[in-house]
Amino acid sequence: MTGLPGTAANFCYRHPGRQSYILCQRCGRTICPDCQTQGAVGVICPECMNEQRRHAPRTKPAILTRLKSTSHPVTTVIIAVTLAIYLLQFILGAGFTSLLWYAGVYSSPGSFEPWRMLTSVLVHGSIFHVLLNMYTLWIFGQILEGMLGRGRFLALYVLSGLAGSLGVLFLSDPRIPVVGASGAIFGLMGAFLIIQRRLGGNATQLLILVGINLVIGFLPGLNVAWQAHVGGLIAGAVVGLIFVQTRRIKQQRLQTVLITVFGAFLVVVSGAMFLT
C-alpha cells in the first residue's frame with residue numbers, strides 16, 4: 001500500500017485530481033481508469049507494467065518462429081520470394097522483368113552485369129512457368145533440405161542457378177534473354193540422382209524424369225532454355241557428389257573447402273568473355 005493518509009490514498013497517484021478506489025496489484029498505488037492495464041489478476045499501473053516488460057523474456061516475431069519450426073524453411077523462403085517477384089512482374093510489367101533477366105551479353109565487358117546470372121532465377125515468363133517450377137522445387141526441396149541441411153541445400157540451389165546461367169552464356173545466343181529457376185531445379189535433380197545412386201537407392205524413376213525434362217527442352221516452339229537445364233544439371237551432380245563423398249563428420253572441413261573451390265571456379269568461368 002502507498003501509506004498515504006486520509007483521502008489522499010483515494011486519488012490516482014499520476015492524476016491527483018481523479019478519485020479512484022482501484023489499486024495496482026503489484027505496488028498497491030491508487031490508479032484511475034486511464035492508468036490501468038488489465039493483468040492476470042486485477043490491474044497494473046504504468047510503472048509496474050514497464051518493469052514487467054523490461055524483465056520479460058524476448059520473443060521472436062511469429063513469422064520467424066514458424067520458419068524455424070518447419071523442416072524446410074529455405075525451400076519455403078525461396079518459393080515465397082519467387083512468387084513475390086512474379087507478382088511484381090505482373091504488376092510492373094516487362095520493364096521490371098528486364099531488370100532481372102539474363103543474357104550472354106550481360107557477361108561481356110561492354111555491358112557487364114554479373115548479378116543477373118542469379119536474379120534471372122527469380123523471374124519467370126508465365127504463371128504456368130512459375131507454378132510448375134515452384135511445385136517441382138517444393139517436391140525436391142523438402143527431400144534435399146531435410147537430407148542435406150539448410151546451408152548445404154542453399155549452396156546447392158545457388159550454385160546450380162549460377163551454373164544454369166553459365167550454360168546460357170556458353171551455349172545460347174547472347175542476345176536472347178532467359179528467365180526461370182529451371183537451371184537451379186535441374187541442379188536439385190542432378191544432386192538427388194547422384195546421392196541416390198551413391199547410397200544405393202533406386203534412382204530409375206528420377207533418371208527417367210530428368211531425361212523427359214531434358215528432351216522437352218529441345219522440342220521446337222516451346223522456347224525452353226535447355227542450356228540452363230544442362231548447366232544446372234551438371235553443377236548439381238558435382239555438388240551432390242561432393243556432399244555424398246564427404247558426408248562423414250571428420251570430412252566437414254574438406255567438404256566446405258571443395259564447395260568453396262567449386263563456387264569460385266564457377267565465378268571465374270563466368271568472366272570468361274573478358275579473356276577472349
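Contact here means heavy atoms within 4.5 Å. Helices (H or I, at least four residues) and strands (E, at least two) are DSSP runs, numbered from the N terminus. The model is predicted: local features need pLDDT of at least 70, side-chain atom pairs count only at pLDDT 80 or more, and totals for chains, interfaces and linings use all residues. Residues are numbered from 1 along each chain as its sequence is written, and side-chain values use heavy atoms, without hydrogens and water.

Helix α3 spans residues 73-92 and helix α6 residues 127-148. They pack at an angle of about 170°, with their axes 9 Å apart. Axes are lines fitted to C-alpha atoms, for helices over the stretch in contact, and angles run from 0 to 180 degrees between N-to-C directions. The two helices are therefore roughly antiparallel (over 145 degrees; under 35 is roughly parallel, 65 to 115 roughly perpendicular, the rest oblique). On the α3 side, the contact includes P73, V74, I78 and Y86.

P73, V74, T75 and I78 of α3 meet R150, F153, L154 and Y157 of α7. Here the division is 6 nonpolar, 1 polar and 1 charged.

The structure holds 3 salt bridges (a side-chain nitrogen of Lys or Arg within 4 Å of a carboxyl oxygen of Asp or Glu). One of them joins D34 and R18, with the closest N and O atoms 2.7 Å apart. Both residues lie in the segment before β1 (37-38), so the pair ties together parts that are 16 residues apart in sequence.

Technical notes. Nonpolar A, V, L, I, M, F, W, Y, C, P; charged D, E, K, R; others polar.
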